[in-house]
Amino acid sequence: MGTALVTGATSGLGEEFCWQLAAAGHDLVVVARTQDRLEELATRLHQIAGIGVEVLRADLSDPADVALVARRLSEPGDSDAPVGLLVNNAGYGLGRPFLEDDLDAELGALDVMVRAVMVLSHAAARSMVARGRGAVLNVGSVAADTGMGTYSAHKAWVRTFTEGLSEELRGSGVTATLVSPGLTHTHFHEAAGLDVSATPGWVWSTPEQVVTAALDAVRHGRVLVTPTPLYKVTSVVTRLAPRAAVRAVVRRIPHS
């Protein structure tokens, strides 16, 4: 079935990617910042799904750690299986307006959600093209069209980057896909310090819905996928609406 590497693997969408890929018979390389959580996840995946799991601790805001993951993607050791699917999932919200936030925190988020995506995609895609098969899956967001601070800007970059990469890869046997979820029941908002308690239940997606749609798109070679009907419509509206109208709506949304 091949080996998949998942960043941000120990929670939220990353963990759901791991479980669905494991259920499909893929061995995994799991990447996150916390060694004990990685080892706990690896043990559960191996015991329940019977797959091979390699643990790779890395902080993707650290260029040296990003280089370590890139080497695993481009130069597997003699005992390592080549990675056939890269899932660039790691990311987080800062929960503060740009001008009120610490610049180092903003640069760290840029490193994780932009620089690391570029570096790892470059390493993975070059190796995959040489083998004539593989896929890169990047996690974006419907927020990419909203202009809601630097998180939106990062995800807008990821979308444009993925579309460009998909064109470069055309005919190579390797694909690039972007999944753009909306509000999803993970710890993302809690970690960012955002109060979403008043958000009605009908607007939320589940991690299962998002990951199922994303992996289905990869299997069919689709470039862009937005899970659930609500966010498909939302994505169309935000792209077609006058930008002034979109900004007016965004102004009504609290940052924290």
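Angles under 35 degrees count as roughly parallel, over 145 as roughly antiparallel, 65 to 115 as roughly perpendicular and the rest as oblique. Helices (H or I, at least four residues) and strands (E, at least two) are DSSP runs, numbered from the N terminus. In this predicted model, local features need pLDDT of at least 70, side-chain atom pairs count only at pLDDT 80 or more, and totals for chains use all residues. Residues are numbered from 1 along each chain, and side-chain values use heavy atoms without hydrogens and water.

Helix H3 (residues 63-74) and helix H4 (residues 103-131) have axes that come within 8 Å and cross at roughly 20 degrees. Axes are lines fitted to C-alpha atoms over the stretch in contact, with angles from 0 to 180 degrees between N-to-C directions. H3 and H4 are therefore roughly parallel to each other.

## Residues at the contact

Contact means heavy atoms within 4.5 Å. On the H3 side are Pro 63, Val 66, Val 69, Ala 70, Leu 73 and Ser 74; they meet Arg 115, Ala 116, Val 119, Leu 120, Ala 123, Ala 124 and Ser 127 in H4. These residues divide into ten nonpolar (Ala, Val, Leu, Ile, Met, Phe, Trp, Tyr, Cys and Pro), one charged (Asp, Glu, Lys and Arg) and two polar (the others, Gly among them).

## Gln 20

Gln 20 sits in helix H1 (residues 12-23). Its relative accessibility is 19%, so Gln 20 counts as buried (under 20% relative accessible area, 1.4 Å probe, protein chains only). Beyond residues up to four places away in sequence, Gln 20 touches Glu 208, Val 211, Thr 212 and Leu 215.

## Whole chain

The protein chain has nine helices and seven strands. Of its 256 residues, 45% count as buried.

Definitions and conventions:
Buried < 20%, exposed > 50% of the residue type's maximum accessible area, 1.4 Å probe, protein only.
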